[in-house]
Every structure is written in structure tokens, then in C-alpha cells.
Amino acid sequence: MRNNMGLPRATALESAAFLLDVFLPTAAKGPLIRRPKAEAGAERLGLDDRAVRRMVKLARKYRRGPLMLRLPRRQQAVVLHPEHLHYVLANSPEPFSPASSEKRAALAHFEPRFVLISEGPERSARRALQDQVLDAHSPVHRLAGSFLPIVREECEQLLQNVGNGSASESFELDWDDLIEAWRRTVRRTVFGDKARDDHELTGMLAELRGNANWSFLKRQDTKLRAEFLARVDDRLKTAEPGSLAFVMASMHPGQDAAPVDQVPQWLFALETSGLATFRTLALLATHPEQLAAARAEVQQDETERRHLPFLRACVLESLRLWPTTPAILRQTTREVQWPDGDMGTGCGVLIYVPYFHRDEDHVPQAHSFVPERWLDRNDSEDWPLVPFSAGPVFCPGRQLALMLTSAMLACLIEKGSFSLSSRHALDPQSRLPGELNNYSLRFTVAGNQPHPSPEQAF
Ligand code: HEM
């Protein structure tokens with residue numbers, strides 16, 4: 001039966017303000033690969049804080065929802081309340097499909113048959129494959145024994161490389177240093193040691209992701225995509241034991257699962273995990289109490305870095321403060337009836353994650369670094385914190401990402417003492433900013449030989 005009350009509709013002015021304050025800055029920063037200048041601009045102008053303020057304003061005014069925007073030629077809803085977020089995510093992929101038109105257009109630039117933009121039986125086959133290879137439901141990946149030594153080696157190599165170039169006892173570490181080491185870790189984890197220095201593969205993907213940032217506004221470079229996917233296919237065929245690709249090959253996936261198209265996301269999303277690592281390092285470098293707790297955990301660890309709950313919580317908290325996927329997008333596959341009204345088929349639904357993560361009316365200490373909140377968190381709690389999304393489409397790489405990032409952080413803080421040398425106000429007394437530009441973060445590092453006690457100042 002139709003609900004005639006109708007979903008609330010934003011005014012034309014509110015819709016324009018939403019586009020200006022929330023949508024445009026998010027799109028400008030680059031949904032598929034970050035644009036450093038846009039990121040720096042967003043940080044300088046406080047655009048992310050402004051976006052959250054805009055959302056809070058809308059949520060206070062519209063108690064019902066989801067809120068329909070007034071846009072030409074497009075049905076678009078914005079989720080303002082937790083019960084609606086839970087409903088959308090729990091009822092994905094049907095009727096809330098993650099394969100929204102703009103996401104399809106964007107991801108088709110480099111992974112046209114990727115699970116997130118697939119539907120029906122194909123989606124099911126691709127998701128099952130991802131779940132199995134990534135061990136989505138296990139906190140420790142079955143290949144931890146191969147992956148964690150790689151993280152350690154690359155971490156040690158990183159510190160040695162940057163340290164060697166320095167005449168003094170301390171040296172500088174910046175984003176370029178970290179991301180190169182992290183990319184080597186990623187290629188080894190995905191394909192094996194022989195892929196360690198395949199910079200060309202990463203370069204091709206970066207170019208395709210750059211095109212994907214423009215979604216349907218940019219023509220697909222089908223030649224480059226074909227070359228890239230052929231190279232991924234070659235690497236899959238020669239995958240080394242102990243790599244994700246080898247696990248996948250041993251499962252003999254059928255054509256429906258489109259194995260080659262599932263791999264670019266591993267490279268891309270694992271790289272994004274490096275961003276979370278760097279931001280978490282910046283938080284630890286400026287929060288002595290949490291650093292001491294992290295160091296104590298590392299010193300007492302008997303799991304060879306498999307289970308570092310506090311460091312994992314630190315990464316989750318950095319993703320709460322600065323989610324790397326700020327917009328979760330859905331599109332309805334049929335008409336959906338809400339208590340407040342009906343939503344048509346093909347309606348876009350947007351969950352703007354930073355609003356849910358930073359709304360100070362609902363999130364205690366919303367602008368502070370409080371990793372402890374993740375230690376006893378129950379995901380079915382009312383107020384949603386969803387850096388990895390939730391429901392049946394939740395990120396299957398969540399546990400793997402947390403295991404690798406926490407292990408890298410463990411190695412870094414064990415081997416070095418880091419202090420932030422770039423100008424970012426991240427200390428415990430400050431309100432943490434809505435944006436943290438990873439490209440401008442810099443650290444001064446001093447080696448830890450012998451290892452300091454956890455109580456020692458950072
Ligand atoms: C900081 C690290 C990461 C974050 C914050 C993250 C977050 C997300 C989010 C928000 C989604 C979208 C889910 C939705 O639309 O509801 C997603 C999807 C996905 N992620 Fe991740 N991710 C991360 C790392 C990884 C890694 C390391 C992998 C694999 C190696 C991975 C594989 C995937 C896949 C395959 C999907 C598609 C799921 C589907 O369509 O069912 N992610 N991720």
C-alpha cells in the first residue's frame with residue numbers, strides 16, 4: 001500500500017547547500033585516488049567540518065526521512081538517522097544495491113566485473129570468492145604466517161632507507177617514504193615476492209584510478225585497462241605460495257566469479273590501508289597515553305603480531321575520525337516503502353559517513369582520539385560507526401586490513417620514536433580537525449636501540 005505522507009523533501013536552497021558543502025568537496029578530493037591539492041585545500045578551509053555541520057543542520061530540521069533532495073533529473077535521498085542507516089545497510093544488496101550508476105561508471109575504468117558493481121547470481125559468486133580468499137570472518141588471516149614477516153621486513157627496510165640518508169641520529173619520514181614501503185608490502189601480499197618491485201603495475205592502476213575519479217565524465221581508457229588486467233592475469237597465473245592470489249587460484253573459481261576483476265580492489269584498498277596507518281601513526285605520535293598503551297601491548301604480545309587489539313582499535317579510531325570511504329552509495333532496485341513515505345525505483349541513497357562519526361550530539365568525545373571506544377563495542381549499538389560499512393555488503397577486507405596495519409604500526413613504534421614535525425594540531429587538548437592531509441604529514445624519527453620502556457616519553 002502506498003504511503004501518501006511522502007518522504008521529506010529538502011528545499012531547493014538546502015539541496016544546493018548540500019551539493020556545495022557535502023557532495024562537491026567529497027568528489028573533489030577524489031573518490032578513487034586522492035588528489036593531493038584538493039586534500040590540502042579541504043584541510044586548509046575546514047571543508048569536512050563544514051560538511052558535518054551541514055548534515056547536522058539537516059538532521060535537526062528533518063526528524064523523518066530519508067531526506068529527498070531536489071535535483072534536476074535525479075532521485076536522490078540522504079540518510080540522516082541511525083535507524084535508516086541500519087535499514088539501508090541490512091537490506092543491501094536488495095533492494096539497496098551497491099551497484100549505483102556513478103559507482104559502476106567509476107569502477108568500470110579498472111575493474112568492470114568487480115563484486116561491488118555486480119548484481120544477482122554473479123554478485124553472489126564474486127562475494128563468496130572474496131569472503132573465502134580474504135578470510136572475511138576471521139580476525140586472523142590464514143596466511144598471517146606469510147604476511148606478517150613481510151610487514152616486518154618492509155618496515156625495517158623503510159627505517160633503514162630513510163635513516164641511511166641522514167647524517168644525524170634522527171631523520172625525517174614523510175608520506176612518500178611510507179607509501180613506497182607499503183606498496184611493496186601490498187604487492188608481495190597479493191602476488192608474492194617476485195611482484196615486490198612491479199612499480200609499473202601500481203602505476204597503471206594509479207592512472208586508471210585517476211580516470212575513475214571522473215566516473216562517467218571521462219571516457220574509459222580501454223587499452224590501458226586491458227593491458228592492466230592482462231598483467232594482473234599473468235601475475236595470478238604465476239602467483240607464489242603464501243599470497244592472496246595463490247589462495248584464489250587454488251579455489252579454481254569459475255568464470256562467473258570473474259577472478260581477475262576481483263584483484264585490483266585488493267591492490268587499491270590495501271594501499272588505502274597505508275593511508276590509515278600513516279594517520280594512526282600521527283595520532284600515536286601526539287597522544288603519549290595511547291602510545292604507551294600501544295607499546296605495552298607490543299612488548300607483551302605473544303601472538304607474533306596476529307592479535308593486537310589496542311593497535312587495531314587505534315586504526316579503527318583513525319578511520320572514525322577520517323574515514324577513507326566517506327560516502328556509502330546505494331541505488332534502489334525497486335520501490336521501497338518507508339514508515340514516512342515511498343521511495344521510487346532507481347533512487348540514489350547516500351550515507352555520508354563523517355556525519356555519523358563526528359556528530360557531537362551523539363558521539364561522546366567526537367573530536368578526540370579515543371581508541372578505547374572500539375574495544376568493547378557492539379556493532380548493533382544504536383549509533384553507527386561504519387568505516388568498513390556493515391550488513392551483507394560490509395568490507396570483506398576489514399580484518400586483513402586491521403591485521404596488516406596494526407602489525408606495521410607495531411614494528412614502527414617498536415623500532416623508532418616518532419614526533420610529528422609537520423604543523424598539525426593533533427595534541428590531546430585540541431579538537432581534532434575534520435581533515436588530516438596525509439601528504440603533508442612529516443615525522444622526525446629517532447631509532448629505538450635499546451627498546452624504551454612503555455612509560456618512557458615519546
Ligand atoms: C582501511 C581499509 C579499508 C576500508 C576503510 C574499507 C572500506 C570499505 C567500504 C566502506 C566498502 C563499501 C561497502 C559498502 O558499500 O557497503 C568496502 C568494500 C569492499 N572492500 Fe574494503 N576497505 C578497506 C580495505 C580493504 C582491503 C584491504 C580489501 C581487500 C584486500 C578490501 C576489499 C573490499 C571489497 C572486495 C569490497 C566490496 C564488497 C562487496 O561488494 O560486497 N577492502 N570496503
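Hi everyone, let's start with R73, which sits in the loop between β1 and β2 (76–78). Keep in mind that we are looking at a predicted model. The phi angle of R73 is near 55°, and that is a positive value in a residue other than glycine. Is R73 buried or exposed? R73 counts as exposed because its relative accessible area is 86%, and the cut-off for exposed is over 50%.

Next, two cis peptide bonds. One joins G65 and P66, with omega at about -5°, and P66 belongs to the loop between α3 (47–61) and β1 (67–68). Another runs from S92 to P93, with omega near 5°. You will find P93 in the loop between α4 (82–90) and β3 (96–97).

Finally, the ligand. How many residues surround the ligand? There are 24, and the closest are R123, R127, R330, S389 and C395. By class, this shell holds 15 nonpolar, six polar and three charged residues. Helices α6 (120–134) and α12 (259–286) and strand β5 (327–332) each give at least two residues to the shell.

Let's look at some contacts with ligand oxygen atoms. A side-chain N or O atom of R330 is 2.5 Å from a ligand oxygen, and for the side chain of R123 the distance is 2.7 Å. L116 uses its backbone instead: an N or O atom there lies 3.4 Å from an oxygen of the ligand.

Definitions and conventions
Residues numbered from 1 in each chain as written. Predicted model: local features only at pLDDT ≥ 70, side-chain atom pairs only at ≥ 80, totals over all residues. Heavy atoms only, no water. Near = heavy atom within 4 Å. Polar contact = N/O pair within 3.5 Å; in protein donor to acceptor, adjacent residues only side chain to side chain. Helix = DSSP H or I, 4+ residues; strand = E, 2+ residues; numbered from the N terminus. Nonpolar A, V, L, I, M, F, W, Y, C, P; charged D, E, K, R; others polar. Buried < 20%, exposed > 50% of the residue type's maximum accessible area, 1.4 Å probe, protein only.
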